[in-house]
Amino acid sequence: MSRSLAFVLNVPETPQDPEDSQEPSPYDESEVHDSFHQLIQEQSRWVAEEGLELQQRVPGAGALGASGRSRGAILSQYYSRTVRLRRRAGRPQLRDVGRSARPSLRLYDLELDPTVLEEDEKRGLLVKELQGLTVAQRDHILRGMPLSLAEKRCLREESRPPRGKPRARVRHGLLSCCSRLRDSCILASHNLGLALLSGLQALMPWHYALKRIGGQFGSSVLSYFLFLKTLLAFNTLLLLPLLAFIVAVQAAFPPAPSGSTPAFRGLELLTGGGCFTHTVMYYGYYSNATLNQPCASPLDGGQCTPEAGGLPYNMPLAYLFTVGVAFFITCITLVYSMSRSFGESYRVGSTSGVHAVTVFCSWDYKVTQKWATRLQHDNIRTQLKELLAEGRPWQRPRGACGRLRQAAVLGLVWLLCLGTTLVCALAVYTFSELVIQQSRVSAEREGALLALPLVVCLLNLGAPYLFRVLAILERHDSPVLEVYVAICRNLILKMVILGILCYHWLGRRVGTLKDQCWEDFVGQELYRLMVMDFIFTLLDTFLGELVWRLISEKRSQRKGKPEFDIAGNVLELIYGQTLTWLGVLFSPLLPAMQIIKLLFLFYVKKTSLMANCQAPRRPWRASHMSTVFTSLLCFPSFLGAAVFLCYAIWHVKPSSICGPFRTLDTMYEAGKVWVRHLEEAGPRVSWLPWIHQYLVESAFPIYLASALLLAVIYLNIQVVKGQRKVICLLKEQLSNEGEDKIFLINKLQRIYERKERSRVGRTEEAVTPPAVFTDDWDAQ
């Protein structure tokens with residue numbers, strides 16, 4: 001052993017006894033441990049002579065440190081070597097092997113640093129632990145380690161179990177293949193999920209366009225396009241049951257043609273009449289018979305009686321219930337959307353930390369593309385502008401004379417706006433009476449049907465411009481208040497005009513069109529109003545905004561663009577949606593026309609906004625705009641349309657020559673006829689007439705539901721108030737605790753300053769000689 005050690009360390013050999021000629025084997029642990037001391041001494045002496053250790057600060061500590069480190073290295077390596085040799089059961093002992101074939105210490109790198117030794121020991125223990133785990137567990141642990149990929153790869157290679165028997169190799173191969181297959185399946189499912197998420201993200205309509213609008217023009221302009229997207233979802237939800245249970249069923253079982261179909265001339269796209277009259281688009285096309293089996297037409301003109309066998313599909317009942325269910329689903333969705341929007345925009349709490357969050361936490365570091373980076377930069381900049389503008393007080397200080405002058409101007413402007421609304425309402429009423437006094441319009445004069453929609457659209461277009469001019473006199477300090485006032489005035493105008501039109505259709509037209517299908521006329525009138533409103537909106541967008549931009553750029557030397565009129569455009573959307581809800585009963589495909597209109601309107605408005613408009617000069621944060629828009633859509637618009645349809649269903653007599661309710665006094669009577677048939681069917685369905693009698697016809701469930709709704713609203717209001725009170729108390733408590741801390745800190749600071757002054761005084765007294773005090777005392 002000493003000869004091999006001398007060969008490694010280049011130290012001359014010393015004479016040895018014959019007994020020591022045989023080197024002890026590592027398997028003889030007693031002899032191995034006995035030779036440790038000699039090896040440690042020789043290695044320590046060699047290290048001291050050759051000077052391989054670092055320079056030590058204290059003299060004499062180098063040899064000791066080297067001795068300690070080399071002892072640990074040799075012990076660790078011999079331990080590892082013994083363990084490895086002990087595992088090789090088939091290897092012969094070193095006693096029976098010649099001296100030249102024995103392993104030399106040259107093959108081992110003797111580490112002299114205990115930190116490296118400790119790391120190696122930990123690494124060996126880690127490898128042993130990893131070898132006892134399965135492949136999946138081993139990969140999971142290695143994946144979670146904070147190491148480099150190269151080190152993980154080395155650990156994975158070292159932790160692989162040694163090759164054993166063929167059966168074990170086959171089993172290990174099967175387990176490895178199964179684990180790889182499972183990992184591949186997991187990875188494939190993960191990639192598939194990511195692909196589906198990206199696909200869903202791509203299916204979101206106008207995702208990038210909305211981000212671009214919000215980044216360049218702010219949340220106020222963005223609220224209009226978000227509202228348009230919400231209306232698109234409402235119309236889709238309304239159209240689906242109508243298509244499934246009314247339009248598709250009637251298209252599958254078309255009624256017998258009543259006469260020759262007129263040829264298409266192109267004017268029908270504006271009037272909605274002509275060849276469109278006898279189609280699934282209007283109420284008059286739908287039959288009052290069972291549609292699942294053929295039956296002969298009755299001789300007396302009564303309801304068609306289906307033959308025996310087959311499941312009956314009562315078209316009048318399906319028409320009535322489908323429209324009712326569609327409206328009910330829309331109502332629930334609208335109320336839920338309004339409550340959710342209210343909860344998001346009127347959160348209880350403060351926005352004191354929004355500025356810091358926007359500055360430090362808004363940037364998405366995953367964005368790498370140049371256009372996405374620019375878009376995110378614009379979005380953060382616009383948010384900061386809106387936040388800073390929100391904290392700025394808009395109200396300017398005024399004296400008593402200024403307040404009186406402002407109140408007088410506001411009153412005068414409101415009187416002028418209400419007078420304009422009254423004049424428009426009188427004009428619509430007068431023109432509608434003139435139309436009624438005219439004789440029946442022939443096919444050659446079908447274009448005259450566009451007169452009333454043309455007048456209505458002209459008034460809806462001209463009056464808001466007058467309101468905008470009058471609003472300049474008010475000089476509102478807050479842009480939010482200016483938008484709300486404009487919305488209120490435009491809403492009053494449009495609701496009054498729609499009220500007069502509803503009276504014109506159900507109060508006047510029903511009596512003058514007794515021998516005709518008045519439901520088709522109302523549906524066509526609503527179609528014409530929708531088409532003309534869309535045309536005037538396009539004209540206002542292209543001519544109004546484009547011409548205004550050209551004039552402003554020509555008159556001013558700099559490029560000045562008009563601002564986007566949020567109030568007028570939002571009210572146009574609410575007006576168009578109200579027309580859609582009013583015409584669902586008379587034209588089931590009217591929501592489809594509204595969807596097409598909204599799709600075109602989005603791209604037209606976006607293009608005009610990017611080319612002809614500029615960001616608001618006074619940026620403001622539209623935190624409550626979506627809630628206001630949804631509330632206006634719910635209460636004046638949807639509620640008014642629901643009242644109009646309920647009156648038409650319960651009180652107006654249907655036409656006797658068309659539609660699914662032609663043989664009934666009212667549309668609601670179809671439900672009563674169905675209940676009578678159920679009563680005659682037998683006692684098995686006797687509970688259905690009871691439900692209809694006590695839950696549908698009775699007014700008590702309506703009052704009960706209204707009371708429960710009011711109770712829930714009241715409880716929610718009280719809960720919100722309680723939360724606000726608790727938050728105010730907590731804020732006050734935090735403020736008091738802060739003041740207490742400031743008081744204690746000031747008091748501790750004063751105490752510390754007093755102690756410091758006293759310590760300095762005592763130090764000066766100790767440093768000053770006594771003679772000074774004596775001279776001062778004598779001087780006094």
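This is a predicted model: local features need pLDDT of at least 70, side-chain atom pairs count only at pLDDT 80 or more; totals for chains, interfaces and linings use all residues.
Colleague: Why is Arg508 called partly exposed?

Modeller: Its relative accessible area is 32%, and that falls between the 20% and 50% limits, so "partly exposed" is the word.

Colleague: What makes Glu433 and Arg508 a salt bridge?

Modeller: The rule asks for a side-chain nitrogen of Lys or Arg within 4 Å of a carboxyl oxygen of Asp or Glu. Glu433 and Arg508 come to 3.0 Å, N to O, so they pass. The two sit in distant parts of the chain, Glu433 in helix H13 (residues 400–437) and Arg508 in helix H15, 75 residues apart. Helices here are DSSP runs (H or I, at least four residues), numbered from the N terminus. Glu433, at 13%, is buried.

Colleague: How many salt bridges does this rule give?

Modeller: The count is 11. Among them is Glu474 with Arg489, whose closest N and O atoms are 2.2 Å apart. This pair, too, links distant parts of the chain: Glu474 is in helix H14 (residues 451–474) and Arg489 in helix H15, 15 residues apart. Both of these residues are buried.

Colleague: Why does the pair of Lys494 and Glu572 tie together parts that are apart in sequence?

Modeller: To start with, their closest N and O atoms are 3.1 Å apart, in a salt bridge. Lys494 belongs to helix H15 and Glu572 to helix H17 (residues 566–582), so the parts they tie together are 78 residues apart in sequence. Lys494 and Glu572 are both buried.

Colleague: What makes Cys517 and Cys658 a disulfide?

Modeller: Two cysteine sulfur atoms need to be within 2.5 Å. For Cys517 and Cys658 the S to S distance is 1.9 Å, so the pair qualifies. A search of the whole structure finds 1 disulfide. The link of Cys517 and Cys658 is right-handed, with 85° about the S-S bond. Cys517 is in the loop between helix H15 (479–512) and helix H16 (518–555), and Cys658 in the loop between helix H19 (625–650) and helix H20 (669–681), so parts 141 residues apart in sequence are tied together. Both cysteines are buried.

Colleague: What makes Leu237 part of a nonpolar patch on the surface?

Modeller: Patch residues have over 30% relative accessible area and no salt bridge; like charges are joined within 9 Å, nonpolar side chains (Val, Leu, Ile, Met, Phe, Trp, Tyr) within 5 Å. Leu237 has 31% relative accessibility, so it clears the area cut-off. The patch is Leu237, Val325, Phe328, Ile329 and Ile332, with about 420 Å² of accessible area together, by the Shrake-Rupley method with a 1.4 Å probe, where for residues only the protein chains shown count as cover. Helix H10 (residues 315–345) gives the largest share, 4 residues, and Leu237 comes from helix H8 (residues 207–252).

Terms used: Residues are numbered from 1 along each chain as its sequence is written. Side-chain values use heavy atoms; hydrogens and water are left out. Buried means under 20% relative accessible area, exposed over 50%, partly exposed in between (1.4 Å probe, protein chains only).
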